Amino acid sequence: MKRRTFLGGAMAVAVLGQGSSALAQQPPIKIGMSMPQTGGLAGGGKASLLGIEIWRDDINAKGGLLGRKVELVVYDDKSSASETPAIYAKLVDVDKVDLLFAPYATVPTAPIMPFVKQRGLLLMGNFSFQVNSKVGHDMWFNNAPWGPADSWAASFLDLAQKAGGKNMALLTADQEFAQNLALTARDVAKKRNLPVVFDQVYPPNTVEFSSIIRALKAAKPDIVYVASYPPDSAGILRAVNEIGIGDDVKIFGGGMVGLQFAAVMSNLGSLLNGVVNYNTWLPEKSMYFDGTKEFFDKYTKRAVEAKVDPLGYYLAPFGYAMGQMIEAAVNSTKSLDQKGIAKYLRENEHKTIVGPIAFSADGERKETATLQAQFRGVKDKDIEQFRSPGKQVILFPEKLKTGDLISPFEAARK
Amino acid sequence: MFSMDLLLGAVVLGVLLGCFYAAVSVGLSVSFGLLDVPHVAHPAFLVLASYGVYQLNESYDIDPLLAGLAITPLFFLFGLLAYRVYYETFERRGSDAGVRGIAFFFGIAFIIEVLIILQFGVDQRSVSATYIGKSWRFGEFRIPIRQLVAFAVALALTVLLAVYLSKTFMGRAIRAVAQDEEALRLMGANPVRIKQFAFGIATAVLGIAGALLIIVAPVEPTLDRAYIGRTFCVVVMAGLGSISGTLIAAIILGVAESIVLTLFGASWAPAISFAMLLGVLAVRPQGLLGR
């Protein structure tokens, strides 16, 4: 008997052992992506990747997806559109990844859209703007809060008109993203019979904005909508501060890229006061959902080590949210079938650390959650101040609002 | 939208901008204009100087102009070294040095860009000083003080360099080497050493010019590319090697750019410098003050 018990026990241990080693040997679920880690988009790309990595570590700590570890396969696309098609072909055909995330930003993403559509692959978008509007891929889901194309300009002009704005000046960079914004701004203004009294497109490499701001001021606009790129945003705000913009201006800003990043905000300091600009996440009380605080606790620690944006509001939580949506879809469908995951993503609302997300047929948000926020009480050379609420008061959307617009612009700057 | 007021403002801001363009081009007027060195890395050296100024301003709170002065001797030495390497590897070897020299300086420019990115990252940097962000008012009209500072310093720098090249022994030697290297050699002088010294001067000037660059606007590692066209345009339009011509050409360019930006639309501004260059070269192939 003793020998039989011993043998039985030994066999059980062996079977169990085999079982557990079989579990451990299950291959990981591979998620492939390129990410700009050098070049002009590197600052954003690195922060976004850190957000995704924090999700990977969290999910693996919970035991992975479908009992398998999650592994990220990441290549640097050097911020270049010419690199991404080859990288994504390699991810699919050589690395044989299970799921695909898009790189940060419009330019590197646009050229891979035909490829994923042709192959019928699910692609989780990462802050692109309108890359699916002409491709019409039904397995594309953008994590960015943009929503319908014209909502960006519409929300800014809503605020402006409520403040008494009756005509608009447009100052935009000669660059694709800014021009997309300008196009929708002109359309919305036309629909609302809002005259455009100044409409200038400035070329990249413009050194000095004093002359442009003087011309803008001479047009005496009520509303100034600016769609600028990082190097210019600083130049424009400086010139506005020095030349003045006139007492008629009710609201200034809208689509200035760069004012979301810690280094630029800290450089500009008090020049930011009064500007109303778009953003995606801010440390205001309406922006905290399940897990948001825990995420930023982890991010803040790891950002120092990774030498990325110390605040990480703009992109990082949305990288994490992208992972959360995949996690929910895979756990619910209990498979990695991309069509099934896409169906789940399309038909459900998803709880994430950046709030609930629901998609419309084109894979963009059903409703815009792009914030318009006003800078207030900002001091010079202090990054830490941006961690406390009240420095960027949310004016739009209504359900996330934390304050009212201070207008005119000159009054808000004080 | 035209008004005399706007036009006058555009001219004033244009003169200020022009003097700033002169300051960032005057070094190139020596290295390319007088020495015939195809120095396309000139704007990269300029951006490097700006980062040096940024570092001193950020770490020790030194005024950007003083920081620019402080790095000037280092840039002089850097210039001596750069020319020596260029001379040994390219110029000495013969007639096609020009073309290969361009490749050499492009290479240097890229290396400088990468080194700046490795050290400072891709974000833009700016300095703080009491005169940045404020303006002088004349009734409704306002002039940014940083522009006035850039104007005064640029003017002083250009005049000093012009006087140095025309009145001092070494300055005249540099002009002589530009005119006839062989004759200088026959006089017993070493043209290579004089050229090396001149290249050092041209690079040293960038210490101050780099300070002005970061005073006028924030800098980022690839900013040099925006200045290659402008600086070469100023130097060629001025007439190669003419320092006073550089000042005049830069002011003409600054005023034209400012008027176009204010009155005709910003999109046309980049075309202005090259249209004016073509216009000047068609009428005076030797440039405004060239011989």
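Trainee: Is α2(B) mostly covered or mostly open?
Mentor: Mostly covered: 15 of the 19 residues in α2(B) are buried. Buried means 20 or more other C-beta atoms within 10 Å of the residue's own, exposed means 12 or fewer, and partly exposed is in between, with C-beta atoms placed from the backbone. This is a predicted model, where local features need pLDDT of at least 70, side-chain atom pairs count only at pLDDT 80 or more, and totals for chains, interfaces and linings use all residues. Residues are numbered from 1 along each chain as its sequence is written, and chains are lettered from A and ligands numbered from 1 in the order in which they are written.

Trainee: Where does α2 of chain B run, and how far does it reach?
Mentor: Residues 42-60 of chain B, reaching 27 Å from first C-alpha to last. The expected figure is 27 Å at 1.5 Å a residue. That expected span is 1.5 Å times one less than the number of residues. Helices (H or I, at least four residues) and strands (E, at least two) are DSSP runs, numbered from the N terminus.

Trainee: What follows α2(B)?
Mentor: B:D61, with a positive phi near 60°.

Trainee: Zoom out. How many helices and strands in chain B?
Mentor: Eleven helices and two strands. Along the sequence the pattern is α-α-α-α-β-β-α-α-α-α-α-α-α.

Trainee: What about the radius of gyration of chain B?
Mentor: Chain B has 19 Å, which agrees with the value near 19 Å for a compact globule of 291 residues. The radius is taken over C-alpha atoms, and the globule rule is 2.2 Å times the number of residues to the power 0.38. The C-alpha atoms of chain B fill a box of roughly 60 × 50 × 35 Å along the principal axes.

Trainee: What share of chain B is buried?
Mentor: 51% of its 291 residues. For contacts in chain B with a separation of 6 or more, 78% come from residues 24 or more positions apart. A contact means C-beta atoms, placed from the backbone, within 7 Å.

Trainee: Now chain A. What does it contain?
Mentor: Chain A has 14 helices and twelve strands. Its C-alpha trace spans about 100 × 45 × 35 Å along the principal axes.

Trainee: Which domains does the assignment give for chain A?
Mentor: Domain 1 is 29-142 + 290-347, and domain 2 is 151-284 + 369-412. Those bounds come from an automatic or database domain assignment. The C-alpha centres of the two domains of chain A lie 30 Å apart. Their contact takes eleven residues from domain 1 and twelve from domain 2.

Trainee: Which residues of α11(A) are buried?
Mentor: A:F295, A:F296, A:Y299 and A:A303. The buried residues of α11(A) pack against α2 (42-61) and α12 (316-333) of chain A.

Trainee: And A:K298, why does it count as partly exposed?
Mentor: Because A:K298 has 17 C-beta neighbours inside 10 Å. A:K298 sits in helix α11 of chain A. A:K298 and A:I54 are 244 residues apart in sequence, yet 7.6 Å apart in space, C-alpha to C-alpha.

Trainee: What comes just after α11(A)?
Mentor: A:K307, with a positive phi of about 55°.

Trainee: Last one: which residues touch the most other members of the largest nonpolar core?
Mentor: A:L100, B:F20, B:A23, B:A150 and B:L212, in a core of 230 residues. Such a core is a set of buried Ala, Val, Leu, Ile, Met, Phe, Trp, Tyr and Cys residues joined through C-beta atoms within 7 Å. Helix α8 of chain B (residues 191-216) gives the largest share of this core, 16 residues.

Trainee: What does B:F20 touch?
Mentor: B:A150, B:F151, B:A154, B:L212 and B:V216, leaving out residues up to four places away in sequence.

Terms used
Two residues are in contact if their C-beta atoms, placed from the backbone, lie within 7 Å.
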